[in-house]
Amino acid sequence: MSTVRVRFAPSPTGYLHVGGLRTALYNYLFAKKHGGAFLLRIEDTDRTRYVEGAVENLIRTLGWAGLQFDEGPGVGGDRGPYVQSERLSLYREYAEQLIRDGHAYYAFDTAEELEAMKAEQERQKLTPKYDRRALMLTPSEIEAKRASGTPSVVRLLVPDATTVVIEDVVRGRVEFESAMIDDQVLLKSDGYPTYHLANVVDDHLMGITHVIRGEEWLSSTPKHVLLYRAFGWDLPVFAHLPLLLNPDRSKLSKRQGDVAVEDYMRKGYLPEALLNFIAFLGWNPGDEREIFSLEELVREFTLERVGKSGAVFNSEKLDSVNRQYIKTAPTPRLVEEIGARLTAHGVPVPSEQQLAGVVALMKERVTTLEEFATGCVYLFTDPAGYDEEAARKNWKPETGGWLKDLVPLLRGMEGFTATALEAVVKERAGSLGVGAGKLIHPLRLAVSGTSKGPGLFEMMELLGRDVCVRRIERALAALG
RNA sequence: GGCCUUAUCGUCUAACGGUUUAGGACGCGGCCCUCUCAAGGCCGAAAUACGGGUUCGAUUCCCGUUAAGGCUACCA
């Protein structure tokens with residue numbers, strides 16, 4: 001078979017949807033697996049939905065995820081341009097070719113006429129479909145309308161009574177009766193093509209061998225097949241991916257949670273964790289491994305193992321995957337990420353060494369990068385208050401006196417290390433004749449303001465003697 | 001309404017006619033570990049939508065029912 005060429009073809013309507021990310025990922029994996037090319041093509045044929053900056057945003061988000069494309073806006077390639085609005089004359093030429101060959105025709109109906117037609121069909125409980133009234137026009141009438149500048153569209157002339165068969169890699173054989181297919185508009189009155197025309201023309205011109213896209217396109221695939229036939233072009237291989245679903249099993253959408261990849265970026269998910277998670281929504285390697293790097297996914301991925309049924313986007317599982325990635329992520333990388341997030345929160349960024357200490361203490365306790373900055377602020381600034389329930393539970397009348405006596409001991413310690421601290425505290429508890437917990441719990445409260453968190457002695461070592469003593473004294477003043 | 005697709009634990013899924021007391025993961029419950037919280041270890045509850053076939057034998061093949069979803073635009 002010829003070299004694999006696949007594309008991700010989003011519309012620039014704002015942000016990259018996680019469903020789009022998965023489509024992009026599968027295309028990327030398939031291309032890399034077969035040593036082929038992964039292209040990015042921008043399908044901006046709907047001027048009413050175009051959002052300024054969306055293309056840049058799409059490219060940036062794809063870059064964050066690590067899905068580098070081989071051809072596309074910004075990186076070039078010899079089959080460009082890769083933005084459909086820059087290819088308008090091409091679509092017009094091909095539409096005209098279709099008309100010359102009798103596979104398409106001009107229509108001049110107004111929006112009002114079409115609406116009335118549709119309303120009438122619905123009233124009669126018929127399937128809404130263009131009634132081909134434009135076919136009644138004589139060549140001279142068409143010429144006259146065109147000469148007078150009457151707005152027109154080009155429609156596909158769907159052949160009568162044929163069965164369109166699609167061999168889909170994930171769905172198998174799917175058949176459609178041409179009688180059910182509408183004479184789709186190919187070229188709109190504003191001169192822009194519809195998705196159907198532009199997509200087919202570009203896939204052919206760009207040498208796309210495999211069309212891997214969401215299941216929402218399955219129903220319009222027969223139109224595309226008809227178009228390939230009308231042009232006399234070879235069909236690509238089709239693979240329609242199962243949809244990503246909301247918890248209520250409808251198509252994944254906003255309003256029921258975050259669907260923009262940027263949302264996950266902002267919340268502090270690692271790109272490889274998101275990719276790993278999303279790869280498993282509709283695909284699996286066939287064994288029980290679940291953690292895969294991008295390179296490993298490339299090695300293992302096959303379209304044959306893509307499932308058919310929709311998959312609910314379960315954010316709890318994502319959290320679990322992200323925790324696993326954070327746990328094993330290299331410290332310098334986490335340090336960098338946390339620094340940026342602390343700055344964003346207006347928290348003074350400590351030294352890299354100090355941050356590395358925070359990472360060591362917290363990476364097994366956080367779900368997202370954001371939690372490094374927001375879930376353990378006591379590692380950066382003195383506690384503003386003390387958890388009431390913890391105080392009630394752990395701060396007894398005698399506690400103040402015990403901690404007060406501990407302060408000079410802490411001051412006199414030679415090295416302020418976790419092991420030394422543990423020895424000091426335990427010895428003190430021993431001479432007091434109480435369990436170590438009687439000192440440890442209130443100390444934690446004094447130092448961090450909460451009852452949860454890293455091991456007390458490790459935390460105190462990281463904070464250092466001055467900070468710890470200061471915090472204990474503040475707690476004594478506040479809690480007695 | 002019509003067309004198309006789908007259907008295994010709550011969720012993601014394994015099983016490609018028999019090796020299955022249907023496996024794993026997330027989540028949930030319990031126990032262990034333990035200075036708290038996590039992490040980790042062990043254990044547990046939890047599914048083949050329903051009804052017909054085909055077959056010596058169906059989660060697996062066929063048909064129907066039901067349910068869910070997608071599409072039904074001069075949106076993608």
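Both Asp382 and Arg471 are buried, where buried means under 20% relative accessible area, exposed means over 50% and partly exposed lies in between, with a 1.4 Å probe and protein chains only. These two residues form a salt bridge whose closest N and O atoms are 2.7 Å apart, a salt bridge being a side-chain nitrogen of Lys or Arg within 4 Å of a carboxyl oxygen of Asp or Glu. This is a predicted model, in which local features need pLDDT of at least 70 and side-chain atom pairs count only at pLDDT 80 or more, while totals for chains, interfaces and linings use all residues. Residues are numbered from 1 along each chain as its sequence is written, chains are lettered from A and ligands numbered from 1 in the order in which they are written, and side-chain values use heavy atoms, leaving out hydrogens and water.

**Overall form**

- Chain A contains 20 helices and 11 strands, which are DSSP runs numbered from the N terminus (helices H or I, at least four residues; strands E, at least two).
- The radius of gyration of chain A is 32 Å, well over the 23 Å that the globule rule gives for 480 residues, so the chain is more spread out than a compact globule; the radius is taken over C-alpha atoms, and the rule is 2.2 Å times the number of residues to the power 0.38.
- Along its principal axes, the C-alpha trace of chain A spans about 110 × 50 × 40 Å, and 48% of the 480 residues count as buried.
- Among contacts (heavy atoms within 4.5 Å) between residues of chain A at least 6 apart in sequence, 75% join residues at least 24 apart.

**Nonpolar cores**

- The largest nonpolar core has 108 residues, of which Leu21, Leu67 and Leu379 touch the most other members; such a core is a set of buried Ala, Val, Leu, Ile, Met, Phe, Trp, Tyr and Cys residues joined through side-chain atoms within 4.5 Å.
- Helix H1 (residues 18-33) gives the most to this core, with 9 residues.
- A second, separate core of 33 residues includes Ala37, Ala104, Ile208 and Val225.
- Beyond its neighbours within four places in sequence, Leu21 has contacts that include Leu62, Leu67, Val261 and Ile278.

**Salt bridges**

- The whole structure holds 30 salt bridges, one of which joins Asp203 to Arg7, with the closest N and O atoms 2.8 Å apart.
- That pair links distant parts of the chain, since Asp203 is in helix H6 (residues 195-205) and Arg7 in strand S1 (residues 5-8), 196 residues apart.
- Asp203 counts as buried at 1% relative accessibility, and Arg7 counts as buried at 3%.
- Arg7 and Asp203 also belong to a network of salt bridges that links them with Arg41, Glu43, Arg87 and Asp202.
- Arg47 and Asp190 meet in a salt bridge of 3.0 Å, N to O; Arg47 is partly exposed, with a relative accessible area of 49%, and Asp190 is partly exposed at 32%.

**Helix H20**

- At 1.5 Å a residue, the 15 residues of helix H20 (residues 465-479) should span 21 Å, and the end C-alpha atoms are 21 Å apart, which agrees; the expected span is 1.5 Å times one less than the number of residues.
- The buried residues of H20, among them Val467, Arg471 and Leu476, pack against helix H16 (399-412), helix H18 (437-448) and helix H19 (456-463).
- Just after H20, Gly480 takes a positive phi of about 90°.
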